[in-house]
Amino acid sequence: MLGKAFGIILFAPVALAYVFTMRQCIVNYFWSGPVLLFDRFGITNYRKSGHLIPWTEVDAVRIEAHQSSTYLVLRFRNANNVLKHFGTSRMLRSVLQRLFYKGFEGRVKLTSLSFKRSEVLQVAQALLRNSRR
């Protein structure tokens, strides 16, 4: 009896992570609206429930290719803003920061989208410049 309870305790987090990941994949697959919205306020990521990253917190933007994926890399003015927008779990913050974010940088994955790299970068940089006026 104790063995089953121990097995359930070990298996439950994996099963929950799998269910939440599959749910997000299904939502992303059937999403028909914009995935990323660039406007004068910032970048809205509809894959992350419409989360807005304001231009006032961003210092610079660039495009980066890494392991057959393309990312819009945002350099933030404050490292805490990276964690605020990209690492929501307190327990995982230090792990996320070490694995995915180099200091003040956060990455938004673009590979699965239809886009031209130069156009995305030009729009993001123009909006960033205009936000500073």
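The following legends describe close-up views of a predicted model. Local features need pLDDT of at least 70 and side-chain atom pairs count only at pLDDT 80 or more, while totals for chains, interfaces and linings use all residues. Residues are numbered from 1 along each chain as its sequence is written, and side-chain values use heavy atoms, without hydrogens and water.

**View 1. The three-stranded open sheet, in the order E4-E5-E6**. Helices (H or I, at least four residues) and strands (E, at least two) are DSSP runs, numbered from the N terminus. The pairing is antiparallel; two strands pair if DSSP finds at least two bridges between them. E4 and E6 (105-109) are the edge strands, each pairing on one side only. Eight bridges join E4 to E5, and Val 61 stands opposite Leu 74 in E5.

**View 2. Helix H4 and its two sides.** The buried residues (under 20% relative accessible area, 1.4 Å probe, protein chains only) of H4 are Val 120, Ala 124, Leu 127 and Leu 128. They lie on the same side of H4 because they cover an arc of only 100 degrees around the axis, taken from the directions from the helix axis to the C-beta atoms. On the other side, Gln 122 and Arg 129 are exposed (over 50%). The cover over the buried residues of H4 includes strand E1 (36-38), E4 and E5.

**View 3. The surroundings of Val 61.** Leaving aside residues up to four places away in sequence, Val 61 touches Trp 55, Leu 72, Val 73, Leu 74, Leu 121, Ala 124, Gln 125 and Leu 128. Contact here means heavy atoms within 4.5 Å.
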